[in-house]
Amino acid sequence: MSLETSEAVVLRTIEYGETSRIASFLTPDHGRISAIAKGLKRPGNTIGDAIEPMTHLELVYYYKAARNVQTIKEAETINRFDDIKSDFARYSYASYCVELVGKVAPEGDPSEELFSELVEGLRFIGSCKGKMQQFCIAFCLRVLKTAGVAPVLDCCVVCRAHPDGKRVHLSLPAGGLACDKCTKEPAVTLTGAELKLLAKLGSMEDDLLGRTRVPSEICAKLFDAINRFACYHIESDLKSLGFLKSASAAL
Ligand SMILES: [Zn+2]
């Protein structure tokens, strides 16, 4: 067993008994870990204030690879992301980012890139004025790339042709762009221009993303398409998508 000090982001929390909390964290060194904080109601205990969903913190914990739940010794907040938590739309999209990363993060393995993507993503959303959906399209593409399941978007993934017609397909089982001949269901049909935009969003730096405005109807279509692709390849639903859909009128 070793005593580790590491930055971490809280993915989710569960109250455990009267005075403990178990949380899932993303760490750069050990990927996704679960850890328990005990004695939260003891006078002077400030760990509970730090261990809230989405908070970026410095964690000191006892780590043992063979153990499912690690033990937290200390936790100090780096960024609570209050600018996200005080804004319904920001919070909704940030919850999506946290859930997506939580689904692809490996348990116990180094995840430095994914960790940086999440922290930078939360910082970006914290200062977003609108455009959160288009940022989340880019974020999803980055995370899929890091996880090794990014869609091929530059040519047909099967025959390598460059379909530039009005109709192309994002084929989920084929793993990306597919021409009419090669597409396999389930697939999302897009126009050639929409597919090019999707690829462009995935390679944009944050400052350019902030200056780009995708029409809301196309943005919604691309967000749906990339998330259908993501859910297929991570083999899981994302609860936050259902919430984003039901709350879309308020976002
Ligand atoms: Zn083809």
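The centres of domain 1 and domain 2, taken over C-alpha atoms, are separated by 29 Å. Domain 1 spans 2-80 and domain 2 spans 84-250, with bounds that come from an automatic or database domain assignment. This is a predicted model, in which local features need pLDDT of at least 70 and side-chain atom pairs count only at pLDDT 80 or more, while totals for chains, interfaces and linings use all residues. Residues are numbered from 1 along each chain as its sequence is written.

The contact between the domains (C-beta atoms, placed from the backbone, within 7 Å) takes 13 residues from domain 1 and 18 residues from domain 2. On the side of domain 1 that touches domain 2, strands S1 (2-16), S2 (20-27) and S3 (31-37) each give two or more residues; strands here are DSSP runs of E, at least two residues, and helices runs of H or I, at least four, numbered from the N terminus. S2 provides the largest share, three residues.

I turn now to helix H6. Which of its residues are buried? They are Leu-195, Leu-197, Leu-198 and Leu-201, where buried requires 20 or more other C-beta atoms within 10 Å of the residue's own, exposed 12 or fewer, and partly exposed lies in between, with C-beta atoms placed from the backbone. Because these residues cover an arc of only 160° around the axis, they lie on the same side of H6; the arc is that of the directions from the helix axis to the C-beta atoms. Ala-193 and Ser-203, on the other side of H6, are exposed. Among the elements covering the buried residues are helix H5 (132-146) and helix H8 (216-234).

Notes: Contact = placed C-beta atoms within 7 Å.
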